[in-house]
Amino acid sequence: MSLAPSDHTKQPDNRTTMELGAVLPMTAEVRDDHLFVGGVDMVELAHKEGTALYVMDEADMRNRMETYLKAFRSRYENSDVIFASKAFLNKETARIVAQEGLCLDVSGGGELWCAQQAGFPMERVFVHGNNKTPQELREAISAGVGRIVVDSRIELGRISKIAGELGVTQDIYMRVTPGVEADTHEYIRTGCEDSKFGFTMLDDFAFKCVKDALEAPNVRLAGFHCHIGSQIFALHSFAEAVQVMVEFIARVKETYGYEVEELDMGGGLGIAYKADDKPSTIDEFAECTVNAVRENCERLGVKLPRLAVEPGRSLVATPGLTLYTVGILKTLPGIRKYVAIDGGMSDNIRTALYHADYEPAIANKAGQPRTEIVTLCGKHCESGDAVVIDMPLQTPDLGDVIAVFGTGAYCYTMASNYNGQPRPGIVFVKDGQARVVTRRETYADLYHRDI
Ligand SMILES: Cc1ncc(COP(=O)(O)O)c(C=O)c1O
Ligand SMILES: N[C@@H](CCCC[NH3+])C(=O)O
C-alpha cells in the first residue's frame, strides 16, 4: 500500500508549537526555541536517551486521572473510573493508576501480569476480552480480580466451571452490544450490531442469557457492561447507549426480579489529534453520562446503579509524545516532501491502520512558524509507513529532533519489531526530571527466545 496522493491545496499554517493548542501536553512550553515538557528540554533528552523515544508528561497524566474521578464522583458519588490499560501500560503506569485511585481494565493475560507485578490491588481489576483463553480465565480468577466482563455464553460456562474448580464465586458483568452506531472510524466502533464483542441484543439473545448468568453456579452477576467505540466526539452516542442499557436493566428487573447493582458504560471519549479538533471535555462527558443515567433510571423506576466508565485514550494520549531524529530529506517536485525519521509504523501503527492525524513540530525550532507541508515517513520496508501525512512543519534539516504530539495512547501498546526495530524506551518527565520507566529494547531482547 502506498500513500494516498497529496492534497496540493493544503497550505502551511505558520503556527508555532505553542499555537497547537489542545494537542499539547499540559506542561509544554518553549524556551530559547526548544520544546520543554515537564520542565525537561526535549532536544537534550533526545540526544541523551536516543530516538525514537516515547515521552510522557506525568503531571498531565495524573491531572487527567484526578479530573476524571472528580468529574464523576462530584456528580455521582457511587462511581468508578477504570483505566483501559490497552491504551498504555507499563508497571509505573499501573502504580500511578493505583495511587490516583482508579481501577484497571486488562484485556489479556500479559496486562494482568503487569498489574500483579506492579502490586495493583486485584479487587480493582476488570478483565475484558472476546476470547479469553481458559488459562487467562484461570489466572484471573486465581488472582482474585474484581470483575470478569463476560463476553459470550460459551465463556459464561467456562468461568462458572473454572471458578467451581477453584472453589470461589466470581463476580461478573455481562457485556451487552447495545446496537448504537458511534460516530467514529468503523474499525474502532464496537457497539453496533455487527460486532465480535459481547452478547447481541438481536433476537433478544442478551436478555435470554441473563437468565443463564443468574442461574450459573460459582458466579454472581454484578452488572452489565457496554462499550460503543473509541475516539467519539458526539456525546449523544453515549446518552443513547445509557438509555438502551437502563431499559435493559428495567426489563431484567421486571422479568427476572433481579435488580442490577452496577453499570459500566465503557470508554471512548475522543481527544484532539489536530490543533483545531474540538472534542468534548471530561466534565461534559461526565455530565452527559450521569444525567442520562439519572433521567433514565428515574423514568423507568430503576435503582441508581454503581456507575463506571472505562477511559483509555482520553487519559493518556495527550500527555504522550514521540521524539524522532530526521535522517533523510527527499523532495519529489509536485508530489510531496518526505522527512524520514528513525521510527515509523513500528512505534506508531495508527496512521497506517486508521489514517490517523498527528501534529508535528521540530523540538529544536519550536518557536518558529510551521512553513512547510511534509510527510514524516518511517524507516520500514513498506510504502505506507508514515506517522504524519501532509502536515505543516518548521523547515526541516538533517539531525533535527521531531516531536509528534498525542501519541500516548495505542502507540507503545501496539508497537512491533518490524525490520528488527527495537521498541523505543519510555521516559516520564516531571518537575524538570526525566526518568526512564521502560528501557529501550536491545537487539538481544528481540531474539532472546530463539534457539
Ligand atoms: C471494552 C473497552 N473499554 C474501554 C476501552 C477504552 O476506550 P478509549 O481508549 O476509547 O477510551 C476500549 C477500547 O476501545 C474497550 O474496548
Ligand atoms: N487501538 C485503537 C482503538 C481501539 C481501542 C480498543 N478497543 C486506536 O488506536 O485508536
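**Exercise 1: the ligand shell**

Task: sort the residues of the shell around ligand 1 into nonpolar, polar and charged.

Solution: the shell splits into 4 nonpolar, 9 polar and 3 charged residues. Here Ala, Val, Leu, Ile, Met, Phe, Trp, Tyr, Cys and Pro count as nonpolar, Asp, Glu, Lys and Arg as charged, and the others, Gly among them, as polar. Next, look at who comes nearest: of the 16 residues around ligand 1, that's Ala-84, Ser-230, Gly-267, Gly-312 and Arg-313 (a residue is near if its C-beta atom, placed from the backbone, lies within 6 Å).

Before going on: this is a predicted model, where local features need pLDDT of at least 70 and side-chain atom pairs count only at pLDDT 80 or more, while totals for chains, interfaces and linings use all residues. Residues are numbered from 1 along each chain as its sequence is written, and chains are lettered from A and ligands numbered from 1 in the order in which they are written.

**Exercise 2: helix H3**

Task: find the buried residues of H3 and say how they are arranged.

Solution: start with residues 91-99, where Thr-93, Ala-94, Ile-96 and Val-97 are buried (20 or more other C-beta atoms within 10 Å of their own, all placed from the backbone). Seen down the axis of H3, these fall within an arc of 160° (taken from the directions from axis to C-beta atoms), so they line one face of the helix. Finally, Gly-101 follows H3 with a positive phi, near 85°. Helices are DSSP runs (H or I, at least four residues), numbered from the N terminus.

How values were computed: A residue is buried if 20 or more other C-beta atoms lie within 10 Å of its own, exposed if 12 or fewer, and partly exposed in between; C-beta atoms are placed from the backbone. Helices (H or I, at least four residues) and strands (E, at least two) are DSSP runs, numbered from the N terminus.
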